Amino acid sequence: KPYRVWETHKVRTTCPHCATGCQFDLVVKDNKIVDCLAADGPSNKGLLCVKGRSGSFDFVHADDRIKYPLIKNKKTGEFERASWDEALDLVASKFMEIKKQYGSDSLAGFACSRSPNEDIYMVQKMVRTCFGTNNTDNCARVCHSASVAGLAMTLGSGAMTNPIGDITKDVDAILLVGSNPEEAHPVVGMQIRQAVAKGAKLIVVDPRDIDLSKKATIHLKLKPGTNVAFANGIMHILIRDGLVDEKFIKERTEGYEELAEIVKEYTPEKVAKECHIDADDLVKAAHIYAEADKAPIIYCLGVTEHSQGTEGVMSMSNIAMLCGKLGKSGCGVNPLRGQNNVQGACDMGAQPTDFPGYQKVANPDVIKKFEDAWGVKLPTEVGIHATDVFPAAIEGKIKGLYIYGEDPVVTDADTTHIIKALKSLDFFVVQELFMTETAQLADVILPGMSYAEKEGTFSNTERRVQRVRKAVDLTKNPEFDIRLDTDIIIDLMNRMGYPQKHMTAAEIMDEVASLTPSFAGISHERLDSEEVAGQGLQWPCTSKEHPGTPIMHVDRFSRGLGWLYPTTYKPSKELPDEEYPTILMTGRILYHYTTRAMTGRTPGLMEIEGKSFIEINEQDAARIGIKNGERIKVSSRRGSVETTARVGDKVSPGETWMPFHFPDGNCNWLTNAALDPICRIPEYKVCAVKLEKI
Ligand code: SF4
């Protein structure tokens, strides 16, 4: 160890990477984090993955942190150091000028899904009170907005129904759809592996071979983009073979007749042909799921990131409702959310449609409540989604944009159109830790603080609100002239004419609780108390006495009756053709987290995986004369990248897969920004490409 234990102290906090919400202790020596040790948290039970263990602190102390405000010199195009007063005055005055000239809806502001709830709450409050628009969003738009919309429509609440421990312990079967938890949510993956070792049957539904598919009873290696056909096929079998829970359907749901009529035509044979799977395996999978007493559905971006993503999510709800597997231990519909606090970003109202706690902008009573509390007239029109902000910027409708901690140039589909949109803006501000590809295009960069430098809370994928605690104070370092992110926002609000008093993170959470029924019982004081004992609180938590809600929808769905949503399968928007004959899917790998802004600053992780690659089936590789490890050009209608071929049989012939973490050969130059009509998520998981040997 690079330290003596007695020279250090530990700070218990929450992992800043994926939404599993693992608890760990940052080990601090002389105001520097020197280690990270697993704690016995409710979702990780003493486990950590490689990202959490070794990728959670190097970035905090990285030399290339943005250390002071920067303003771009218009003549030279170079960033120049500015004082806080200069930078904040410029930002506030520019946004107010644009508002005056073009109206409130010409402005938009995105919150950071990696930042604490308290920061996010203040960003959406600034956008609503100062910009005067509901054009606020967060990166859930490009990962799980389909879950938020789809689960809310069918069940009444857009969140995971059961806790991680509940769906991985003593279950009889697991239906894992479009999810590779051993790479994306590794501590959940470990717990699924343990469940399988104890006898749970695992059904993997994924177009790729993942490590868990080797442990699966059945792997349905379906054609990318055919989730709804698969789900309708499962429902056809459930109804045909008398596997449905008739009592549950009668008492707890609506829409059965219409659904049954639609799935009638999805016979196993027809679905097998469409999905490129075996009809008998589909029948077996339906029986395993339905006949198991405890069987959760766990899913991820393989379901959501499609032009039919919301209906894919609703199909997961349908399957669970038909079998009565909701509101029960060991069951439910369970999206594994991506970023550490993407659940919280949605909960805190960084959405164009919702105030905190999913209180609707469209509801006049909600508007009145927030107007009374915030003392200002609020916009009543629903805002535009993040993925619609970019085309609106190109069209000249969005003139000013504030991005806190997101890097859409790397993460969003069709990089060319994102760059064009950001360059079209009159004024663009980024609040960031590092000079990301997006930050480089900003007019002003405001340096933020990392999770290890502030107090707050994250909400993990299972709706568990847990504490984030300050471990180090980099303002003691004379090189740094940085501020708390909430102080930056509050200073801006005051400069834009809204009298916002400075508040601690605990005070901000008290304000959230006072306005948000599902958070009414949550406070820092309570989270730190012996009563909660480091277990966090799972919302809905409706009073100071409420213990939180581990399992949702027990006696009734949040919307009353569950809605069995009928839908037909629609193919992906861009299918392979003669010119672009191969399907490209995108995804994540174990060693990195989104744009690598954090994990990319840990040398050990970069040594293991530091460059982009593409997985190609051996038959396709032979056809174009590519060997494993050779360089390859991949092109779509939107752009081309060069990368390294990994040849094998993880993907089927005619299909490829790339991770999205790497700036060299970033797959998002290729991906298609075709949007789901309901939630506006792009179709990252299917686009057409051609492969050429370099
Ligand atoms: Fe962090 Fe997720 Fe790994 Fe847990 S599983 S240590 S939350 S990255």
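Colleague: Which residues come nearest to the ligand?

Modeller: Of the 14 residues around the ligand, the nearest are Cys15, Cys18, Cys22, Cys49 and Gly52; a residue counts as near if its C-beta atom, placed from the backbone, lies within 6 Å. Bear in mind that this is a predicted model: local features need pLDDT of at least 70, side-chain atom pairs count only at pLDDT 80 or more, and totals for chains, interfaces and linings use all residues. Residues are numbered from 1 along each chain as its sequence is written.

Colleague: Which helices each supply at least two residues of that shell?

Modeller: Helix H1 (50-54) and helix H7 (186-197) each do. Helices here are DSSP runs of H or I with at least four residues, strands are E runs of at least two, and both are numbered from the N terminus.

Colleague: And how does the shell split by class?

Modeller: The shell has 7 nonpolar, 6 polar and 1 charged residues. Ala, Val, Leu, Ile, Met, Phe, Trp, Tyr, Cys and Pro count as nonpolar, Asp, Glu, Lys and Arg as charged, and the others, Gly among them, as polar.

Colleague: Switching to packing: how do H8 and H14 run, parallel or antiparallel?

Modeller: The axes of H8 (residues 227-240) and H14 (residues 309-322) come within 9 Å and cross at roughly 15°, so the two helices are roughly parallel. Axes are lines fitted to C-alpha atoms over the stretch in contact, with angles from 0 to 180 degrees between N-to-C directions; under 35 degrees counts as roughly parallel and over 145 as roughly antiparallel. The residues of this contact divide into 8 nonpolar, 4 polar and 1 charged.

Colleague: What about H8 and H11?

Modeller: H8 and H11 (residues 268-275) have axes that come within 9 Å and cross at roughly 165°. That is why H8 is roughly antiparallel to H11. Ala229, Phe230, Gly233 and Ile237 of H8 meet Pro268, Val271, Glu274 and Cys275 of H11, with contact meaning C-beta atoms, placed from the backbone, within 7 Å.

Colleague: Where is the cis peptide bond?

Modeller: It joins tryptophan 539 and proline 540, with omega about 0°. Proline 540 sits in the loop between strand E21 (537-538) and strand E22 (562-563).

Colleague: Which residue has a positive phi although it is not a glycine?

Modeller: Asparagine 31, at about 65°. Its place is in the loop between strand E2 (23-29) and strand E3 (32-38).

Colleague: Last one: how many helices and strands in the chain?

Modeller: The protein chain has 24 helices and 30 strands.

Conventions:
Angles under 35 degrees count as roughly parallel, over 145 as roughly antiparallel, 65 to 115 as roughly perpendicular and the rest as oblique. Two residues are in contact if their C-beta atoms, placed from the backbone, lie within 7 Å.
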